[in-house]
Amino acid sequence: MDWGSDLWDQHDVIDRHTQSGLDLLERYVKFVKERAEIEQNYAKQLRTLSKKYSRRGVKEDQDTKPSNQQAFQDVLNQLNDYAAQREQLSESMTLSICVELSRNLQELRQERKNHLCEVKKAQQNLESSSKLLEASKKRFEKEWREAEKANQQTEKVQLDANATKADMEKAKQHTHLRVHLADECKNDYASQLQKYNKEQNNFYHSEILSVYKKLQEMEERRIRLLADGYVQFSETEKNVLPNIIKCLDAISSTGRNINEKQDTLALIEQYRSGAAPPADVEFEDYSQGVKAAASDNTTTHLPKVRIKQLFHKKNKVTSPDKNTPSSLEDLSRLPPDQRRRRLQEKIDDIQKELQRETEQSEAMMKMKGVYEQNSQLGDPSSLQPQITQTAHNIAKLRGELNKYQVQLTEAGGGTLQHYPASSEYITVLSESSVSPSENIYECEFDEDFDMDVPIGQCTALYDFDGGSEGAVSMHVGEQLSLMLEDQGDGWVQVQRASGDVGYVPASYIQII
């Protein structure tokens with residue numbers, strides 16, 4: 001695994017990560033300079049410095065930090081162990097650490113700038129080629145429409161009994177000229193399309209991979225420099241301060257334990273989208289309109305293929321779930337791997353909360369039974385509001401859990417498990433004074449999970465491979481069940497005879 005093949009669509013993440021790494025290296029250089037200035041002071045000044053540069057957070061945040069970042073925090077913690085010692089290593093630390101790392105820092109900054117400029121330049125070239133392609137396509141479309149009009153005009157002249165031979169000849173010459181111009185525009189469009197597809201393939205499969213791999217190698221060198229700086233920080237002091245060698249050995253161990261490869265691979269595991277590079281743009285042949293004019297004057301228009309941008313906004317991988325309520329977090333725009341991870345986290349949190357509510361409900365039901373057996377201990381009716389509220393909470397959590405599990409199943413990350421309302425919950429509702437209009441969670445269950453009834457039938461007009469996340473394949477002429485209409489995004493949900501359910505382009509089907 002490397003950045004080029006796994007993080008090809010995470011330009012902003014790589015940009016921020018590499019900048020953050022250089023900022024960390026710069027912070028470390030400043031730290032050593034300031035420490036060199038206070039080497040003559042007492043332990044209190046060392047503790048102040050350690051506290052100033054220490055960034056304490058929750059334990060979960062510390063566990064997710066890369067080893068090279070966490071190592072810096074460990075170095076600062078070690079300063080408190082020998083805070084009582086006088087420090088007299090200012091000149092040695094300045095020459096051996098600050099000067100060397102500052103020089104390397106400038107070189108890394110320039111190298112990073114050059115790599116990012118290469119990406120930007122390649123992106124601009126691709127966008128420029130895209131504009132040329134769009135312009136040639138519009139010219140092709142315009143000229144063929146003009147040719148089609150000329151052809152129709154010639155047919156009218158031929159059918160006109162009052163038209164002279166000169167009029168017919170003039171109309172035929174005009175039609176021939178228009179068709180010739182349209183053929184030239186067609187050849188130019190085909191040439192531009194071939195050129196663009198070649199540049200796009202080179203951009204996504206060569207240039208991006210090469211530049212991002214170089215950035216990964218630069219980041220590994222930066223981490224190793226930082227790790228060596230940690231080691232040198234301790235080794236310099238060990239030469240003159242044998243009485244604190246134990247603390248310094250711990251700092252050395254911290255630096256040596258840094259794994260630059262593991263840190264760079266951790267970024268892949270955290271931000272890998274799992275999406276594939278875009279496919280080639282299909283050729284749109286407007287000349288079909290002219291050829292069909294002589295027969296039935298019908299023209300078939302295939303759906304347009306939009307050119308997606310890589311560095312401005314994240315690509316939309318799946319169509320959002322139209323049945324997801326506004327109270328649930330919309331995760332449909334996340335990349336597939338990140339979406340499945342977030343959905344699984346949501347499910348785990350809801351299951352924990354559901355377990356707590358269930359235990360609380362069981363405890364109150366037991367307490368109510370004790371009160372019913374011995375009224376002197378308490379009034380059973382006083383627990384009814386709490387029992388009812390807990391039952392409502394359980395129903396709501398089960399509803400959210402089922403909906404998230406549906407989304408996780410559609411994303412290909414798990415098996416659907418339906419959680420129906422328990423008999424205990426139904427009994428509680430029947431005993432409580434809650435009106436039917438207030439049983440909002442039961443109503444939501446019936447509405448949200450009644451998803452197996454088709455709303456119509458349709459026929460596939462074209463073949464569709466269903467290669468994207470959430471889509472389903474189909475063949476031309478195939479009969480399908482329409483499950484969900486187009487909501488304005490150009491996609492509909494259908495069900496095949498085999499039972500497979502997914503999204504297909506709305507323009508690829510015809511509703512019966």
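This is a predicted model: local features need pLDDT of at least 70, side-chain atom pairs count only at pLDDT 80 or more; totals for chains, interfaces and linings use all residues.

Is Gln493 buried or exposed? Its relative accessible area is 11%, and because buried means under 20%, Gln493 counts as buried. And which residues does Gln493 touch, once its neighbours within four places in sequence are set aside? The contacts are Ser481, Leu482, Met483 and Leu484, together with Val501, Gly502 and Tyr503.

Strand 2 covers residues 479–484, and it is joined to strand 1 (residues 456–460) by four bridges, with the two strands running antiparallel. To find this pairing by eye, look for Thr459, which stands opposite Gln479 in strand 2. Strand 1 has a further partner: strand 5 (residues 509–511) pairs with strand 1 over three bridges, again in the antiparallel sense. Here you can look for Ala460, whose bridge partner in strand 5 is Ile509. As a general point for viewing, side chains in a regular strand alternate between the two faces of the sheet.

Now step back to the chain as a whole. How many helices and strands does the chain have? The secondary structure comes to 14 helices and five strands. The chain has 512 residues, and 40% of them count as buried. Among contacts with a separation of 6 or more, 73% are between residues 24 or more positions apart.

With the overall picture in place, let us turn to charged side chains. In general, side chains of opposite charge can pair when their charged atoms come close. In this model the count comes to 19 salt bridges. One of them is between the side chains of Glu34 and Lys52, at 3.4 Å from N to O. Glu34 lies in helix 2 (residues 11–37) and Lys52 in helix 3 (residues 43–53), so this pair ties together parts that are 18 residues apart in sequence. Glu34 is partly exposed, at 27% relative accessibility, whereas Lys52 is exposed, at 55%.

Glu100 and Arg103 are paired, with their closest N and O atoms 2.4 Å apart. Both residues belong to helix 6 (residues 90–159), where they are three residues apart, about one turn of the helix. Glu100 is partly exposed, with 35% relative accessibility, and Arg103 is partly exposed too, with 40%.

Which parts of the chain does the pair of Arg221 and Glu111 link? Their side chains meet in a salt bridge of 2.5 Å, N to O. Arg221 is in helix 7 (residues 165–238) and Glu111 is in helix 6, 110 residues apart, and the pair thus links distant parts of the chain. Arg221 is partly exposed, with a relative accessible area of 38%, and Glu111 is partly exposed as well, at 22%. Finally, salt bridges can share partners: Glu26, Lys30 and Arg109 are joined into one network in this way.

Key: Residues are numbered from 1 along each chain as its sequence is written. Side-chain values use heavy atoms; hydrogens and water are left out. A salt bridge is a side-chain nitrogen of Lys or Arg within 4 Å of a carboxyl oxygen of Asp or Glu. Buried means under 20% relative accessible area, exposed over 50%, partly exposed in between (1.4 Å probe, protein chains only). Two strands pair if DSSP finds at least two bridges between them. Contact means heavy atoms within 4.5 Å.
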